[in-house]
Amino acid sequence: MEKNTKFLVCAFGIFVCYFYYGVLQEKITRGSYGEGENKEKFTCMLALVFFQCIVNYIYAKIMLTTVMKQGEDSTRTLYYSSSALTYLLAMVCSNMALQWVNYPTQVVAKSGKPIPVMILGVLVGKKNYPLRKYIFVLLIVVGVAIFMFKDGKSSEGDSTLGFGELLLILSLIMDGLTGAIQERMRSEYQTKSGHMMLSMNFWSIIYLGVAILVTGEGVMFASFVQRHPNVVWQLLSFSIASALGQFFIFLTVSDFGPLPCSIITTTRKFFTVLGSVLLFGNMLLPRQWFATVVVFAGLFLDSMYGKAVTKMK
């Protein structure tokens, strides 16, 4: 498959899978279960990610033994165990933050993901990006943030916003560390996407299994499922969408690097909102049209002039 075509397929796969994933994530983490006075929230965040990682692992195992055979994996176990830990912390912190900040605040904060990926890619991954690359990525991030911030006026969670912001900052730092470690894997071992997905989810299952046992969340989760069995289908759909989306993410990381991947996942949020505007006829504010121009300008400039070869230090 031609490289440009493969990149477009990866981007489309990430967009579709994570659109559905995002809808289910909000429904599970912020919705109510039960009726009348028996309504309750789903709070088992560790169990949610654990369920997700198990499905991801099974999916990767099936792919590697059937249609995506990638040979032997020589990547150091330390890289997989450390990247799985930072990857997990990023997901758990991001999900937990929703208990203190509203969903738009989380989306706006996470739109800054390419910045720590670039900074930690230089510090840990030993990458060397040209100055224009920083400028183009900053344009994309600023545009997405301006566009998305229209929904950030709710006062929900204001009294404890500081802790929610702290969790989101920690999540961004962990995203950056994950990207930097993955960059080292690619440069030193040419790690393949299927191996990366399989091993990172394997270590994630181990970490989460221990955490669930220690915190007692496993018992809470089993009890919640008994009271609300319909949550199982939601979790399964959520996990399948995650597995397919993660497959495309690891494919992008292994073939193109973590920075293009972070740009795709960031702009995906933008196109999700833009798509809803076009489909349902909502009006855009002048500021949002400006944000649209900024994002597309950043993407165009990056595709035209930001592809200079980055050298390892």
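## Basis of the model

This is a predicted model, in which local features need pLDDT of at least 70 and side-chain atom pairs count only at pLDDT 80 or more, while totals for chains, interfaces and linings use all residues. Residues are numbered from 1 along each chain as its sequence is written, and side-chain values use heavy atoms, with hydrogens and water left out.

## Overall architecture

The chain contains twelve helices and two strands. Helices (H or I, at least four residues) and strands (E, at least two) are DSSP runs, numbered from the N terminus. Along the sequence, their order is α-β-β-α-α-α-α-α-α-α-α-α-α-α.

The chain has 313 residues, and 50% of them count as buried. Buried means under 20% relative accessible area, exposed over 50%, and partly exposed in between, with a 1.4 Å probe and protein chains only. Among contacts in the chain with a separation of 6 or more, 87% join residues 24 or more positions apart; a contact means heavy atoms within 4.5 Å.

## Helices H2 and H10

Helix H2 spans residues 45–65, and helix H10 spans residues 231–256. Their axes come within 8 Å and cross at roughly 50 degrees. Such axes are lines fitted to C-alpha atoms, for helices over the stretch in contact, with angles running from 0 to 180 degrees between N-to-C directions. H2 and H10 are therefore oblique to each other. In this scheme, angles under 35 degrees count as roughly parallel, over 145 as roughly antiparallel, 65 to 115 as roughly perpendicular, and the rest as oblique.

On the H2 side, the residues that meet H10 are Leu-48, Phe-51, Gln-52, Val-55, Asn-56, Tyr-59 and Met-63. Their partners in H10 include Leu-235, Ser-239, Ser-242, Ala-243 and Phe-247. By class, this contact of H2 with H10 has twelve nonpolar, five polar and no charged residues. Ala, Val, Leu, Ile, Met, Phe, Trp, Tyr, Cys and Pro count as nonpolar, Asp, Glu, Lys and Arg as charged, and the others, Gly among them, as polar.

## Ser-242 and Asn-56

Ser-242 lies in H10 and is buried, with a relative accessible area of 1%. Apart from neighbours within four places in sequence, Ser-242 is in contact with Tyr-18, Tyr-21, Gln-52 and Asn-56. The side chain of Ser-242 also makes a polar contact with that of Gln-52, at 2.8 Å. A polar contact is a pair of N or O atoms within 3.5 Å; within protein, one must be able to donate a hydrogen and the other to accept it, and residues adjacent in sequence count only if both atoms are side-chain atoms.

Asn-56, in H2, is buried with a relative accessible area of 0%. The C-alpha atoms of Ser-242 and Asn-56 are 7.3 Å apart in space, although the two residues are 186 apart in sequence. For Asn-56 and Ala-243, 187 residues apart in sequence, the C-alpha separation is 4.6 Å. Not counting residues up to four places away, Asn-56 touches Tyr-87, Met-197, Asn-201, Ser-239, Ser-242, Ala-243 and Gln-246.

H8 passes H10 in a right-handed crossing. Residues of H8 in this contact include Ser-193, Met-197 and Asn-201, and those of H10 include Ala-243, Gln-246 and Phe-250. By class, the contact of H8 with H10 has eight nonpolar, four polar and no charged residues.

Gln-190 is placed in the loop between helix H7 (161–189) and helix H8 (193–215). Most residues other than glycine have a negative phi. Gln-190, which is not a glycine, has a positive phi of about 50 degrees.

## Helix H3

Thr-86 belongs to helix H3 (residues 77–97) and counts as buried at 9% relative accessibility. Its side chain makes a polar contact with the side chain of Thr-178 at 2.8 Å, and a polar atom of the Thr-86 side chain lies 3.0 Å from the backbone oxygen of Ser-83.

Ala-90, also in H3, counts as buried at 3% relative accessibility. Ala-90 touches Lys-110, Ser-171, Met-174 and Asp-175, leaving out residues up to four places away in sequence.

Methods: A crossing is left-handed if the near helix is turned anticlockwise from the far one by less than a right angle, and right-handed if clockwise.
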